[in-house]
Amino acid sequence: MRKLLATALCLAATVTATGCGATVEKPADTKSSAVTLTNCGREVTYDKVPERVVTNDVGITELMFALGLEDRMAGFAMPDDKGDLTNVPWKDGYDQVTWLSKDQLTKENVLDARADLVFAGWNYGFREDGGFTPDALKKLGVPSYTLTESCRNGRTETSRGIMPPLDALYADLTNLGKLFRVEQRAATLIADFKKQVAEVRAKAPTGSDRPTVFLYDSGQDQPFTSGRYAAPEQIISEAGGINVMHDVEDSWTTVGWESVVQRDPDVIVICDYGDVSAERKKKFLLSYAPLRKVSAVEHQRIFVLDYVDLVESPRNPSAVARLGTYLRTVAGKR
C-alpha cells in the first residue's frame, strides 16, 4: 500500500522531486538580487538565494524536497519516529541530504553545517527555552523562515495559526518558490494539490451527512489535538467531515476529555508517531471509561494517519483523499 501511495504521489506531483524522475527547472543563480517575502505577517528580506538550508522536522523537510531543492540543503533534524521513509516519493532527498540530528536543531549544529537559512517553525524547532528562535539566529548572522502553520497569532503567548491550514501550505510553497527562483515549479505543485483536494471535495458528504471528527494526537490525562489552524482542520473538512474542535483558535493544543464527550464525534482520527503506537492509542481510546458512550468509540470508527500527513507538508492532499474515502463509508452507515 505504501508503494502504491508513493507511486500515486509521484504521478500526481510530477514536478516535485528529481527522485520521481521529473523534469524540473534549475534553481537560479545564487547571486541574484534580494527577495522580500511576507512571513508570519512580517516583511522579511533575503539578500541571496540560500545555498545551505537546514530544516527541522519531516513536513518542513519534505516541502524542500517537493520543490526539488535538495541541492540547496546542508541537512535536516528529525526524530526517527515520524514514519517510514523508505517508500516516500522523496526518498532520494533523504538519501542525498545529511541527517544532522534525530532530535531537533540547535545553534551548534546550525553553525557546524554552515547554514545560510534555517527553515523551522514554532514547536517545529523554534522554541524560547534553549533560545533557538529567529531573533537568536539573526544575532548569529543566520537568516530564518518560519513555517506558516506555526505562526504565533497573538491570542496568547503560544497560540499559533494565522490562516486556513491549506492556505498556509500554499503560502509557504509560493514564498519558497520566490526565494529559490522556482516560481513555476511551486505554482504547478500548488495547482496539482488544489486539483486533488477539489476532486475529493466533489465526492464528499454534505450537510447533515458530514461525520464529526476528533483528531487524537496523544495524551491520557488530557488529549492533544488540532484546533482551527493546524493541518487536520482542513484535511477533515475537505474530506467531508467536521472538526469538533473547529472553534479552538489555535493549531495544535490541549483540550479536556469532557469537551470530547460533549461533542460526541462520529469518527476519531489517530495521529501515528512516537513511542506510543497507533494500536496502543486505539486500545486506550476504546478502553477509556469516560469515552464509552462516544459514538466513534461505541462503533469503533477509528482511522489512522501518519504524523507527516497531519502537519503542514506536501502529503496533506493525499491525506485528504484517504480520509475522504473513509468518511464516505461512515456517512452511509450513520
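How do strands β1 and β2 pair, and over how many bridges? Select residues 35-39 and 42-46: these are β1 and β2, and they pair in the antiparallel sense over five bridges. Two strands count as paired if DSSP finds at least two bridges between them. Helices (H or I, at least four residues) and strands (E, at least two) are DSSP runs, numbered from the N terminus.

Before you go on, a note on what you are viewing. This is a predicted model, in which local features need pLDDT of at least 70 and side-chain atom pairs count only at pLDDT 80 or more, while totals for chains, interfaces and linings use all residues. Residues are numbered from 1 along each chain as its sequence is written, and side-chain values use heavy atoms, with hydrogens and water left out.

**Stop 1: the hairpin**

**Stop 2: the whole chain**

Now zoom out. The protein chain has 13 helices and 14 strands. Of its 334 residues, 56% are buried, where buried means under 20% relative accessible area, exposed over 50%, and partly exposed in between (1.4 Å probe, protein chains only). The accessible surface comes to about 14600 Å², with 48% of that belonging to carbon and sulfur atoms; areas come from the Shrake-Rupley method with a 1.4 Å probe, and for residues only the protein chains shown count as cover. Among contacts (heavy atoms within 4.5 Å) with a separation of 6 or more, 68% are between residues 24 or more positions apart.

**Stop 3: a parallel sheet**

Next, display β11, β9, β13 and β14, which form an open sheet in that order with parallel pairing. Strands β11 and β14 (302-306) stand at the edges with a single partner strand each, so one side of each has no neighbour in the sheet. Select residues 267-272 to see β13, joined to β14 by five bridges. Within this pair, V269 has F303 in β14 as its bridge partner.

**Stop 4: S144**

Is S144 buried or exposed? Click on it in strand β8: S144 is buried, with a relative accessible area of 14%. Leaving out residues up to four places away in sequence, S144 touches Y46, L117, V118, F126, P134 and L137.

**Stop 5: salt bridges**

A salt bridge here is a side-chain nitrogen of Lys or Arg within 4 Å of a carboxyl oxygen of Asp or Glu. The count comes to 11.

Start with D95 and K91, whose closest N and O atoms are 2.9 Å apart. They sit four residues apart in helix α3 (residues 91-96), about one helical turn. D95 is exposed at 52% relative accessible area, whereas K91 is partly exposed at 31%.

Then select E128 and R152, which meet in a salt bridge of 3.0 Å, N to O. E128 is in the loop between β7 (125-126) and α5 (134-139) and R152 in the loop between β8 (144-146) and α6 (165-179), so the pair ties together parts 24 residues apart in sequence.

Finish at E249 and R155, again with closest N and O atoms 3.0 Å apart. E249 lies in the loop between β11 (242-243) and β12 (252-254), and R155 in the loop between β8 and α6, 94 residues apart. Show R228 too: salt bridges with shared partners join R155, R228 and E249 into one network.
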